[in-house]
Amino acid sequence: MSDLKIAVVGCAGRMGINLLRQIAATEGCVIAGGTERSGSDALGKDLGALAGLDDVGIMVSDDASVVIASVDAILDFTVPAATAEHANLCAEHGTAHIIGTTGLDADHEAAVAAACEKTAVIRGANMSVGVNLLLGLTRKVAAMLDPDWDIEVVEMHHRHKVDAPSGTALALGKAAAEGRGVDHDTVADRGRDGITGERKRGDIGYATLRGGNVVGDHTVVFAADDERIEITHKAADRTIFARGAVTAALWSKGKGPGLYGMDDVLDLT
Ligand code: NAD
């Protein structure tokens with residue numbers, strides 16, 4: 001069987017570099033392309049050299065259309081507007097789209113939803129095995145506890161992160177809402193400042209910390225009178241996300257159009 005041809009869009013980013021290294025370290029796939037935004041210093045560089053590996057003879061391009069047309073799957077950890085554009089191109093060329101980008105608005109979401117009709121889209125707010133287990137546990141615990149147990153999601157990330165709460169924190173809040181059988185957006189309390197009034201029974205609250213080079217810490221707190229349950233995941237290295245993304249790309253081989261999650265890829269359902 002021939003190797004799966006994978007491109008990394010946004011290949012010079014924090015995740016992009018990790019993704020290139022992970023493809024190179026994984027059997028059954030090859031680095032087959034990489035893109036960056038126009039004006040990036042990385043344009044024209046060899047993808048191998050960019051990731052601190054041997055040259056692979058393929059240069060960083062700013063022509064996403066050409067790159068996406070020539071590969072089996074792309075790994076996309078970029079920015080929401082670019083991800084929406086990549087979704088359109090993947091739909092056009094039948095290329096599998098592995099999406100790690102967070103912070104998409106309604107228009108970006110609509111582009112991704114349309115792409116799912118034409119090609120396989122695998123999406124994970126967090127691609128690590130540990131966080132996907134945490135999502136399942138959160139859903140389960142929330143289903144077992146009544147709303148006298150207040151649910152709070154606390155996250156900390158590095159100082160460069162631009163969206164809040166993190167995509168993973170929101171996915172955890174949604175898992176808790178699902179477990180409880182309530183509409184997430186109705187009960188979500190995403191920011192508190194000043195005289196907020198008392199906490200509303202049944203709300204799911206969020207707290208965001210930013211600083212240093214923290215890769216990603218998430219805790220779901222279930223707090224009742226006199227007792228508290230806390231479930232925590234701490235990411236020490238971006239490799240855990242890159243490993244999940246490459247596993248997802250390999251899993252996409254032969255899959256028809258549709259929206260898939262990391263629970264499908266990791267068989268956690
Ligand atoms: P980053 O800023 O280091 O990297 C993003 C890269 O995308 C940059 O190199 C940027 O130049 C590039 N880019 C921007 N527009 C582009 C375009 N039009 N075409 C090609 N490249 C373009 O950010 P990061 O820390 O690597 O994170 C990227 C995204 O991935 C964020 O949304 C983050 O929240 C998310 N993320 C998700 C997971 C997960 O497991 N799902 C894990 C880590 C990060």
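How many salt bridges does the structure hold? It holds 10, counting a side-chain nitrogen of Lys or Arg within 4 Å of a carboxyl oxygen of Asp or Glu.

Some ground rules. This is a predicted model, where local features need pLDDT of at least 70 and side-chain atom pairs count only at pLDDT 80 or more, while totals for chains, interfaces and linings use all residues. Residues are numbered from 1 along each chain as its sequence is written, and side-chain values use heavy atoms, with hydrogens and water left out.

Take Arg139 and Glu178. Their closest N and O atoms are 3.0 Å apart. The pair links distant parts of the chain, 39 residues apart: Arg139 sits in helix α6, Glu178 in helix α7 (residues 167-180). Helices here are DSSP runs of H or I, at least four residues; strands are runs of E, at least two; both are numbered from the N terminus.

Next, Glu155 and Arg210. This salt bridge spans 2.7 Å, N to O. Glu155 is in strand β6 (residues 150-157) and Arg210 in strand β8 (residues 204-210), so the pair ties together parts 55 residues apart in sequence. Is Glu155 buried or exposed? Buried, at 1% relative accessibility. Arg210 is partly exposed, at 29%. The cut-offs: buried is under 20% relative accessible area, exposed over 50%, partly exposed in between (1.4 Å probe, protein chains only).

Third, Arg192 and Asp189. They meet at 3.2 Å, N to O. Shared partners join Asp150, Glu152, Asp189, Arg192 and Arg199 into one network of salt bridges. Arg192 is partly exposed, at 39%. So is Asp189, at 21%.

Last, the whole chain. It has 10 helices and 11 strands. Buried residues make up 49% of its 269 residues.
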